[in-house]
Amino acid sequence: MEILLLADTHVPQRARDLPAALWAAVDAADVVIHAGDWVDVSLLDALEARAARLIGVYGNNDGPALRARLPEVADAELAGVRVAVVHETGPATGRERRCAERYPGRDLLVFGHSHIPWDTVAPGGLRLLNPGSPTDRRRQPHRTYMTATLEAGEVRQVVLHRITPAGAPG
C-alpha cells in the first residue's frame, strides 16, 4: 500500500494550491494522510474528491468549519499497520518517549505543526513521521512531503520528497 503524507499546507494563505507534482502523488497514492493546518475547507474538499482515500485531522490554524469535519486525532489500520494522525506533538526534546506513551498500540504516528521533516523510532517501535510542508518551508531548505510503503504490518519504505521552485519533486 502506497501512502502520501502531508501537513501544514496552509492553502490559500501560503500557496494558492498544492504544487502539480504533489497532485500527481495524490493521484498515485492508495491513501493520503494530512496532519492538519489546512486553513480552508476548499483543500479538504479537493482532496476528498481526488484521493482514493483520505485520512485527516485539524491543526491549530484550522477554524470551526474544518474542526466540524475533522477529528483532532485519527486512527486507522492500513496494510496491518496501526496508524495514528495528530497535528501537534509538543517540543522535539522528549518527543519519542512522550508519543510512545500517548499513542500506545500504534505502529506509526504521522504529525505536523513544525514544518520540519522528522523520521524517528520511539522506544517500543513507534515510527514518528512529519512530512514537513509542501507550501511553507519556513527555516527549512526545501518544501517537502513524504511517501511510504506499508506492507504486512510494516512500514517498508519512507521517502522524503523535496519540491523544487518549479514545483517538480527534487
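Author: Two strands are said to pair if DSSP finds at least two bridges between them. Helices (H or I, at least four residues) and strands (E, at least two) are themselves DSSP runs, numbered from the N terminus. The structure discussed here is a predicted model, in which local features need pLDDT of at least 70 and side-chain atom pairs count only at pLDDT 80 or more, while totals for chains, interfaces and linings use all residues. Residues are numbered from 1 along each chain as its sequence is written, and side-chain values use heavy atoms, with hydrogens and water left out.

Reader: What makes strand 7 and strand 8 a pair, and in which direction do they run?

Author: Four bridges join strand 7 to strand 8, and the rule asks for at least two, so the two strands pair. They run antiparallel.

Reader: Where does glycine 125 lie, and how is its accessibility classed?

Author: Glycine 125 is placed in the loop between strand 7 (118–121) and strand 8 (127–130). Its relative accessibility is 41%; buried means under 20% relative accessible area, exposed over 50%, and partly exposed in between, with a 1.4 Å probe and protein chains only. Glycine 125 is therefore partly exposed. From isoleucine 55 it is 70 residues away in sequence and 22 Å away in space, C-alpha to C-alpha.

Reader: How do you know that strand 6 and strand 8 pair?

Author: Strand 6 (residues 108–110) is joined to strand 8 by three bridges, and the two run parallel. Leucine 108 has arginine 127 as its bridge partner, and leucine 109 has leucine 128.

Reader: Why are strand 4 and strand 7 called edge strands?

Author: The open sheet has five strands in the order 4-5-6-8-7, with mixed pairing. Strand 4 (73–78) and strand 7 each pair on one side only. The twist averages 15° from one strand to the next. Strand 8 is covered on both faces: Arg127 and Leu129 on one side, and Leu128 and Asn130 on the other, are all buried. Helix 4 lies across strand 6, strand 7 and strand 8, and runs at about 70° to strand 7.

Reader: Why is helix 1 called oblique to helix 2?

Author: The axes of helix 1 (residues 20–28) and helix 2 cross at roughly 45° and come within 9 Å. Axes are lines fitted to C-alpha atoms, for helices over the stretch in contact, and angles run from 0 to 180 degrees between N-to-C directions. Angles under 35 degrees count as roughly parallel, over 145 as roughly antiparallel, 65 to 115 as roughly perpendicular and the rest as oblique. Helix 1 is therefore oblique to helix 2. Contact (heavy atoms within 4.5 Å) is made by Trp23, Val26 and Asp27 of helix 1 and by Leu43, Ala46, Leu47 and Arg50 of helix 2.

Reader: What makes aspartate 45 and arginine 69 a salt bridge?

Author: A salt bridge is a side-chain nitrogen of Lys or Arg within 4 Å of a carboxyl oxygen of Asp or Glu. The closest N and O atoms of aspartate 45 and arginine 69 are 2.8 Å apart, and the pair forms a salt bridge. Aspartate 45 belongs to helix 2 (residues 41–50) and arginine 69 to helix 3 (residues 64–69), so the pair ties together parts that are 24 residues apart in sequence. Aspartate 45 is partly exposed at 36%, and arginine 69 is also partly exposed, at 39%.

Reader: How many salt bridges are there by this rule?

Author: The count comes to ten salt bridges. Among them is the pair of arginine 97 and glutamate 101, at 3.4 Å from N to O. These residues are four apart in helix 4 (residues 95–102), and about one helical turn separates them. Arginine 97 is partly exposed at 45%, whereas glutamate 101, at 54%, is exposed. Aspartate 136 and arginine 138 also meet in a salt bridge, at 3.9 Å. Aspartate 136 counts as buried at 13%, and arginine 138 as partly exposed at 40%. Salt bridges that share partners join Asp45, Glu48 and Arg69 into one network.
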